[in-house]
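This briefing turns to the charged pairs, then to the barrel, and closes with overall totals.

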Amino acid sequence: MEITRASSNLLRRLARSLNTSASPPIINLSEKLDHPSIQNQSNTTTSSSSILLNFYDNDERPFSTVSNHRLLRSLLNLELVAIDPVVDFGMWVMKSRMVESPVLKDLVLGVIKHTFYEHFCAGESVEEASSTLRRLWDDGLRGILDYGLEDAVDNEACDRNLDEFLKTVESSKLLPPCSVSYACAKITAICPIALLNRVSDLLRWEHKDPQFNLPWKMDTLPLLSNSSPFYHTLNRPDHLTSQEEQDLQQAQQRLMTLSQKCFDMNLPLLVDAEYTSVQPAIDYLTYSAMVRFNRDNNPIVFGTIQAYLKDARERIVMATEAAEKNGIAVGLKLVRGAYLSSETKLASSLGFTSPIHGTIEKTHSCYNDCASFMLEKVAKGSAAVLLATHNLESGRAAASKAQALGIGKENQRLQFAQLKGMAEGLSFGLRNAGFQVSKYLPYGPVEKVMPYLLRRAEENRGLLSASTLDRQLMRRELVRRIKAAVLEGEVDKIRTSINH
């Protein structure tokens, strides 16, 4: 009898220890900020293991809601992309003529689809992407659907791309309410790239010579600062031809059509940033739409600031304060930037210093400074910000700042975002802390999205190889599940012995 009672007690204790909640416990990010080793990012020398302990307590399980299949697949993909030779080979294959060979094309695209593509992209169609978004929604995350389009060269391509953007926005009606946080668009997909270069040249020259008249220019916000790069335009550019002005009006109308659609659905629209050579024109079109639609304290159109640029802090202050004076609810996405190599090479080839901060620490500092500035505007009620970051310390700092300013976690004007397949631990950690978190979901046919994959591989090589935290957290969750399964087997054995 005593043996049976003892066995029953053991069984109950084991069962209680194995009984895990479907939802992970809340992580209070701000409480973890008091540790002296993580108060100042520039002085941080914390190892990956200590970051793990500081950010996630031993009992925290950021991946507890992820299925075994998805968890194992994600871990394998991250392990692969952390190996430089593997990334080099993958990039070589995607750039090679192998993808043009009728014999090898299907094989190469099939391998790419079931590895890099499925890890970083949401699907080949809006239907597949919507299915991916629903899975994220079940995990407590939101989604930003982004049709994987690259630069357009003519008006016909721009019109096709606009239709795809509108279709993506329309598809959000079929998804769970609030599961889609933003629509997303690239100006380079709805305005010919050559025209963006021309308009950017003219805007840069106007900044240098205020008497330089641009008759086609609409109301907008400040675009450039004195510290912005001007080496792209060394000579006075010719004015737009009548055909170019007509093309510019068409591009403006495409953006207005898309913005109106988002306004009618009350779905904010993110406009991506691009190269510095065309960014003035992109900001001009974006801010013009912002002036028109971001009224009545309702930010609909969001521009993007790249914090790795030396002029980022000046431009974000100039645009935001001008918007405040004119009753415009400014919306901005803050990123570090994705064109580091190409920007540095271009500046060097022209004999100029890079427009990008000289060290990663300066970029981190600029990002955190800009984020702090925008959070103060959010607290004031005059702006909205999407903090797109894969950096753990920036996520911590922003969460702490938001709490200090009294910004409620349900406040839709503060949101965080990460790319699909990257910084998963940070996404789930912020989610567990109660913040609004989205994953950026590029989608489209594998061949069309390959330029995106190449760009991510080239520009994020260091980030991919440094995904140590995610891999540690995933391995820990898998080990925990294996141990639980083994213990469950022991429980079954005890239960069987009791019954017999």
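In this predicted model, D272 forms a salt bridge with K333, where the closest N and O atoms are 2.8 Å apart; a salt bridge is taken as a side-chain nitrogen of Lys or Arg within 4 Å of a carboxyl oxygen of Asp or Glu. D272 lies in the loop between β3 (269–271) and α11 (279–293) and K333 in strand β5 (residues 330–335), so the pair ties together parts that are 61 residues apart in sequence. Both D272 and K333 are buried, with buried meaning under 20% relative accessible area, exposed over 50%, and partly exposed in between (1.4 Å probe, protein chains only).

**Basis of the values**
- Residues are numbered from 1 along each chain as its sequence is written, and side-chain values use heavy atoms, with hydrogens and water left out.
- Because the model is predicted, local features need pLDDT of at least 70 and side-chain atom pairs count only at pLDDT 80 or more, whereas totals for chains, interfaces and linings use all residues.

**Other salt bridges**
- D283 forms a salt bridge with R315, the closest N and O atoms being 3.3 Å apart.
- D283 lies in helix α11 and R315 in helix α12 (residues 312–325), so this pair ties together parts that are 32 residues apart in sequence.
- D283 counts as buried at 2% relative accessibility, and R315 is buried with a relative accessible area of 5%.
- K217 pairs with E206 in a salt bridge whose closest N and O atoms are 2.8 Å apart.
- K217 counts as partly exposed, at 30% relative accessibility.
- E170, K173 and K261 are linked in a network of salt bridges, and the count for the protein comes to 21 salt bridges.

**Barrel**
- Eight strands close into a barrel in the order β1-β2-β3-β4-β5-β6-β7-β8, with parallel pairing; strands (E, at least two residues) and helices (H or I, at least four) are DSSP runs, numbered from the N terminus, and two strands pair if DSSP finds at least two bridges between them.
- Four bridges join strand β6 (residues 383–388) to strand β7 (residues 414–419), which run parallel, and A388 stands opposite A417 in β7.

**Overall totals**
- The protein has 19 helices and eight strands, and buried residues make up 54% of its 500 residues.
- Of the contacts with a separation of 6 or more, 81% are between residues 24 or more positions apart, where contact means heavy atoms within 4.5 Å.
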